Amino acid sequence: MSSGVWVFKNGVIHSGGGGGGSSAGQGNNSGSGRRKVLVHLPTGQAVSSYSSLERILSGLGWERYDGGGDSDLFQFHKPSSIDLISLPRDFSKFNSIHMYDIVVKNPNLFHVRDA
C-alpha cells in the first residue's frame, strides 16, 4: 500500500503521489489507476452490488431515502443523524469517492482496498 498526498481538483479527489495523467473519478479508479473495492469488515465481504450494500446498510440503521430528488441517485439516511449517503444509480459508476463517503459515515465497519 502506497502513501501520498491527496489532491482535490475539479470536484474529484486524486492521489498526488506518482503516475502521470489518470482517469480518476471514472469507474472504480481513484487516481492510482487501480480498481477499488468496498469491504464490509465484520463479514470480510466485498460489496459487489447495491442489493448487498443496501442489506448491510439497513442492518446498520440506514434507510432508503426517496425524497423525490435526483432520480439518478440512490440515497440513504439514518433517522438518528443528519448524514446522507448519495450514490449513482448505475453501480458501474460507484467509485472510490462514494466508497470513502460510506467509510467516513460508518467508522470501523467498512474499508476501501485495491481489488
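A: Four salt bridges are present in the structure, a salt bridge being a side-chain nitrogen of Lys or Arg within 4 Å of a carboxyl oxygen of Asp or Glu. The model is predicted, and local features need pLDDT of at least 70, side-chain atom pairs count only at pLDDT 80 or more, and totals for chains, interfaces and linings use all residues. Residues are numbered from 1 along each chain as its sequence is written, and side-chain values use heavy atoms, with hydrogens and water left out.

One of the pairs is D114 with R34, whose side chains meet at 2.9 Å, N to O. Because D114 belongs to strand 8 (residues 110-114) and R34 to the loop between strand 2 (12-15) and strand 3 (36-40), this pair ties together parts that are 80 residues apart in sequence. Helices (H or I, at least four residues) and strands (E, at least two) are DSSP runs, numbered from the N terminus. D114 is partly exposed at 33% relative accessibility, and R34 is partly exposed at 37%; buried means under 20% relative accessible area, exposed over 50%, and partly exposed in between (1.4 Å probe, protein chains only).

E54 pairs with R64, their closest N and O atoms being 3.0 Å apart. E54 sits in helix 1 (residues 50-59) and R64 in strand 5 (residues 63-64), so parts ten residues apart in sequence are tied together.

Within helix 2 (residues 96-105), D101 and K105 are four residues apart, about one helical turn. Their side chains form a salt bridge at 2.9 Å, N to O. Finally, salt bridges with shared partners join R34, K36 and D114 into one network.
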